[in-house]
Structure formats: C-alpha cells, structure tokens
Amino acid sequence: MDALNELKMKCHHAKQASRKLSYAATPVKNAALEAMAASLILQKDRILEANAIDQIEAKNAGMNPALLDRLILTEHRLEVIAADVRCVAALPDPVGEFFDMRTLPNGLVIGKKRVPLGVIAAIYESRPNVTVDITALCLKSGNAVVLRGGKETLNSNKALVEVIIAAIESSGIDSNAVQFFDTTDRALVPNLLKMSDQIDLVIPRGGTGLINFVKENSTIPVVAGGAGVCHTYVDASAKIEEAVAIVYNAKIQKPSACNALDTILVHKDIAEHFLPKAATELNRMNVELHCDPRSSEILSKSPGLKLVPAIEDDWGQEYLSLTAAVKVVNSLDEAVDHIAAYGDGHSEAIITEDYSAASRFMNEVDAAAVYVNASTRFTDGAQFGLGAEVGISTQKMHARGPLGLKEITSYKWLVYGSGHIRP
C-alpha cells in the first residue's frame, strides 16, 4: 500500500472509531488512561532506547540545542508525562454535560449537550510528550486522534504510540481511535489537510513556518498557536527583588518553551535599579541581552555581561534560547503599545504594586494569558489545572490559551416537545 492510501485508510479508521468513542463510558476512558500511564513507566526502557536514537540523529544533524532539549526524554520526564495522564483521568468528563436548559414560552424544552468534535489531527514537531498529552486529552474527551509527529522524534513517537495502543486496547477502547502516521514525507501533509470528510479539527504545534503552512493549506478548521513572543513589563512601582526573580524564572526555567520570556520592558524610573540586578542574575546562566540604547548605557557599567545592541528584528523575536531583548520605556502606555506592535497574543506580564497599572494592563493587553506579578511560564495546560494541553491557541475562535478537555468538545442542541408543530 502506498503512503497516500495508507493515510486515507488510517483517517477512515479513526473516523469509524470516533463514533463509538463519542459515547464511551467515563470509567472505560479513565481505565484506558490509567493503563496508558502505567505502561509508560513499565515500558520506559523501550521508550528511552528509541529516544536515544533520536537524540543521536538530531545531534549529528546539528540540531539547535533549544530544539534538542524539547525532544529529550528521561526517566523523570516520563514520570511527569505519566502523572499528567493520570491528572487527565481524574478530571471531570465534559462529554454528556447538559447546560443552558430552559423552557420556551411555547412549552418546548431546549438546551445543549456537550459532545466530542470527532477526529482531531495533530501535526507537531520535536516534542514526544505531545504524542501522549494530545492522545490522553482526545481519548478522555471522546475524540479519535491522528498523529503526525516530526521526523526528529520518529523513533520516540513510534515507541510511545505502540505502548499507548496496547494499553488502551487492553482497557476496551478501540485502538483505531489512535492513528500514527510514521512517514517523514512532508508532501503528504497537504493531502491530510484536505481530508475534511474524515477529520474535524487540525491542531499544528511547532514553529511559525509549520503553523502558517497548515493555516494556509487546510480545508479543515484549524486551531493554531504555540509560537509565542512573551513580554514582561517591569513597572515603576515594582518590587525589585520580586521582579528579578520573576524575570529570571520566565527566561531560565525552560528557555525553549513557547511561554518563556523574550523581551523585558522596564519603566525608566526603575531601570537604573532593576536592570543591573536582573542582568547579573541572568548572566549566571549566560543569557545574552539585546539592549536598546538606554538599557545598554545602564548595563555597560556592569562588567562581564553579554550585551548586544538591539536591532529592529529583536522586537517580536521568539528566541527559544538563552537570549532576551531589553527596552527602557517611558510609561505604561509605551509598554502596552510595544506589546500591541510586537506581541503575538500568547502570554504577557506586568510586575507592579500599582493597582491601577495592573488593572489597565489586564484590560488593555490583548493576549491569551495576561499576568500580574507572575512568570509567563505558567501558561500551560497542566499548570492551569487542565491536566495537559493539546496546544496553546493564540487565536480567538473557537478557543484561546491552553486547550484542555472542554476546548476540544462542541455541543448539540436538544429539543423536547410534546406534539409541537410550528404554526
């Protein structure tokens, strides 16, 4: 069978499996997730061996260290992934929820019932954990899933999917509900994006190039996001030590993440006090700072820092590495305007003790997640109490921010009559 026919067959099988999965009982779905989590640990040696092959091939290909970090699995990371699966199992099942029920003046009882979307296709790069996260959320929400991971994690993903399929099959879930397309031929992706008769939603996770390609070529609805240019604005009233700690965490905790800090905006009235302390802390991890003239003048007095003059391309840059842009601004208005010009609607933060400034920032900044006195690194399905995420949407329809169980469901209208006819 050629690759295109194989793709069509797998999508067809997923569609068929989605019908029964859509009304599967919650205990059955939860048992499948618990079996998944247990199998990830029991089969860790097999998974880590496959991942080691991917690491070697990625290093030989000269992969960027930030991207390499995304594909690495360790025993600890597998334990975290398994724990997230168990968190999804413990969450309330959204499928079957009745809401907005009411009786119309004519006596009809009308309302909504939450239902799965059907089949979700995930196209993603670099991160083998995505294979597990998306599958767990899709199964719990009654959706079948078609997985198309990147070639850089092919061996890891194949091992993970084999473990997952064996686990859910033993729990009574049709294994056809999880389909993995293991070809590395990118020419087939446009075909996948045209299968609107089999697939109900496409979620791309990866770089801007992948996301734009999917959005431009898909005839299927797309929820896109993941790429994130994240700003942290240090207001004049900020507590300096707290601001330093937040900025450090947002940049250092996981530099390769989409919610890691990219640009530091600092009010001119606090810049002389804040910037040297923040830069000194960031320098401990060899962070390179791309500075505008005012921040450069301040930081040039501190020896040993990695400073580079900022250029226009630094504003609006998602670094995914130990690099950050720095700009001194004259006011909250200038900070908000800068974010509006260069942000992409992912995660933005203000550090301030001024209630009015915090309120204005929350109201005026247009992003999926807006923070006061906290690190942008919290924009994550698990951190938001969703168990995991199928992605982080930076668009506004139909869902925004981390996509959990409810975000990958829809609803249907239920209408109860007693012989009603329309006059």
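Mentor: Buried means under 20% relative accessible area, exposed over 50%, and partly exposed in between, with a 1.4 Å probe and protein chains only. This is a predicted model, in which local features need pLDDT of at least 70, side-chain atom pairs count only at pLDDT 80 or more, and totals for chains, interfaces and linings use all residues. Residues are numbered from 1 along each chain as its sequence is written, and side-chain values use heavy atoms, with hydrogens and water left out.

Trainee: Which residues of H13 are called exposed?
Mentor: Asp337, Ala340 and Ala341 are exposed, that is, over the 50% limit.

Trainee: Which residues of helix H13 are called buried?
Mentor: In H13 (residues 332-342), these are Leu332, Ala335, Val336, His338 and Ile339. Helices are DSSP runs of H or I with at least four residues, strands are E runs of at least two, and both are numbered from the N terminus.

Trainee: Why are the buried residues of H13 said to line one face?
Mentor: Viewed down the helix axis, they fall within an arc of 160 degrees, so they line one face of H13. The arc is that of the directions from the helix axis to the C-beta atoms.

Trainee: What do the buried residues of H13 pack against?
Mentor: They pack against strands E7 (230-234), E8 (261-267), E11 (323-329) and E12 (347-351), and against helix H14 (355-364). Contact means heavy atoms within 4.5 Å.

Trainee: How much of the protein chain is buried?
Mentor: Buried residues make up 52% of its 423 residues. The protein chain has 14 helices and 16 strands.
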